[in-house]
Amino acid sequence: MDFYIDRGKVADANILATFQVDMALESEGKSINYNVVLKGVTTALEDENNGLYFVVRNFQDFPIGSLLVTKEWSDWTNSWYWWIQSVYIEPKYRGKGLYSLLYNQVKCIAKDNGVHCLKLYVDHDNLNGQRIYEKLGMHRNHYVIYEAEL
């Protein structure tokens, strides 16, 4: 295989922030502030309590895709749920199974760490993403997500 999965490094912050700016525009039609995103990415990369980045790299060690995992404690199950967020694969590398590679790596690590459930949310108009997640065995749950920006 011409790709491998690695943990994100602080040196990846710029490209990971660019991925997120591109993903927000592509998947939700939102323009987000690169400098704010860069600070957010760097904060996670510097302290894994804020999030874990997994990066798919080519063998020139260049990031070509990534996802972020954040953790949620569940008192109902006395275990962790991991949320998959900020999924992005460079357009020219799509259709090569790279998200599947990332997802399966995260799933194995989650199992090894006693994680109860992997979750994610997806924009309701992102039908391609929904098909991919369902193909990997994920399913819609019965919750509706609400939010209040502060």
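Start by selecting Arg-94 and Glu-26: their side chains meet in a salt bridge, with N and O 2.7 Å apart. Arg-94 sits in the loop between strand 4 (79–89) and helix 3 (98–112), while Glu-26 belongs to helix 1 (residues 13–28), so this pair ties together parts that are 68 residues apart in sequence. Show the surface and you will find Arg-94 partly exposed at 35% relative accessibility, and Glu-26 likewise partly exposed at 49%. Keep in mind on this tour that the model is predicted.

Next, select Glu-48 and Arg-7. They form another salt bridge, the closest N and O atoms being 3.3 Å apart. Here too, distant parts of the chain are linked: Glu-48 is in the loop between helix 2 (34–46) and strand 2, and Arg-7 is in strand 1 (residues 3–7), 41 residues away. Glu-48 is partly exposed, with a relative accessible area of 44%, and Arg-7 is partly exposed at 35%.

Now move to Glu-28 and Lys-30, whose side chains meet in a salt bridge at 3.5 Å, N to O. Glu-28 counts as partly exposed at 39% relative accessibility, and so does Lys-30 at 46%. Then colour Asp-6, Lys-9, Asp-12, Arg-57 and Asp-61 together, as salt bridges that share partners join them into one network. How many salt bridges are there in total? The count comes to seven.

Your next stop is Asn-58, in strand 2 (residues 52–58). Is Asn-58 buried or exposed? Its relative accessible area is 9%, so Asn-58 is buried. Follow its side chain to the backbone nitrogen of Gln-60, reached at 3.0 Å, and to the backbone nitrogen of Phe-62, also at 3.0 Å. Beyond residues up to four places away in sequence, Asn-58 touches Asp-2, Phe-3, Tyr-4, Ile-64 and Tyr-93.

From there, jump to Tyr-133 in helix 4 (residues 127–135). Tyr-133 is buried, with a relative accessible area of 12%. Leaving aside neighbours within four places in sequence, display its contacts: Val-87, Tyr-99, Leu-120, Val-122 and Met-138.

Finish with the cysteines. The disulfide count comes to zero. Cys-108 is partly exposed, with a relative accessible area of 47%, and Cys-117 is partly exposed at 25%.

Definitions and conventions. Residues numbered from 1 in each chain as written. Predicted model: local features only at pLDDT ≥ 70, side-chain atom pairs only at ≥ 80, totals over all residues. Heavy atoms only, no water. Disulfide = S-S within 2.5 Å. Buried < 20%, exposed > 50% of the residue type's maximum accessible area, 1.4 Å probe, protein only. Helix = DSSP H or I, 4+ residues; strand = E, 2+ residues; numbered from the N terminus. Contact = heavy atoms within 4.5 Å. Polar contact = N/O pair within 3.5 Å; in protein donor to acceptor, adjacent residues only side chain to side chain. Salt bridge = Lys/Arg side-chain N within 4 Å of Asp/Glu carboxyl O.
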